[in-house]
Amino acid sequence: MQGVLEDTLATIWRVPVALTVAGRTDAGVHADAQVAHVDLPGDVEPHPSLVGRLARLLPPDVRVRAVTPAPAG
């Protein structure tokens, strides 16, 4: 699922995206409440409706429930 999310974010932002995730699961295991982090280039701004855009583009078994900016560093 990480690859699906990276590809979708890269489509939205039009830049390569590499997620850092809190943990991985074995094949066939649900990843409820996973946390992921992505560093964006300085000229890319997170879109206010990113969760909605992701909901439209991701397959039904992948959902992003919230996006929160993190402080630098």
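**Exercise 1: the start of the chain**

Classify methionine 1 as buried, partly exposed or exposed, and then locate its contacts.

Solution. Methionine 1 has a relative accessible area of 59% and is therefore exposed, given that buried means under 20% relative accessible area, exposed over 50% and partly exposed in between, with a 1.4 Å probe and protein chains only. The model is a predicted one, in which local features need pLDDT of at least 70 and side-chain atom pairs count only at pLDDT 80 or more, while totals for chains, interfaces and linings use all residues. Residues are numbered from 1 along each chain as its sequence is written, and side-chain values use heavy atoms, with hydrogens and water left out. Methionine 1 sits in the segment before α1 (2-13), where helices (H or I, at least four residues) and strands (E, at least two) are DSSP runs numbered from the N terminus. Once neighbours within four places in sequence are set aside, methionine 1 is in contact (heavy atoms within 4.5 Å) with Asp61 and Val62. Leucine 58 is 57 residues away from methionine 1 in sequence, yet their C-alpha atoms are 9.9 Å apart in space.

**Exercise 2: the fold and its core**

Describe the order of helices and strands, and then state which residues have the most contacts inside the largest nonpolar core.

Solution. The protein chain has two helices and two strands, and along the sequence they follow the pattern α-β-β-α.

**Exercise 3: from leucine 50 to valine 67**

Trace the contacts of leucine 50, and then determine how exposed valine 67 is.

Solution. Not counting residues up to four places away in sequence, leucine 50 touches Leu9, Ile12, Trp13 and Val67. Valine 67, which lies in the segment after α2, is in contact with Leu50 and Val51 when its neighbours within four places are left aside. Its relative accessible area is 41%, so valine 67 is partly exposed.

**Exercise 4: a backbone angle**

Solution. Most residues other than glycine have a negative phi. Arginine 14, although not a glycine, has a positive phi of about 60°, and its place is in the loop between α1 and β1 (19-21).
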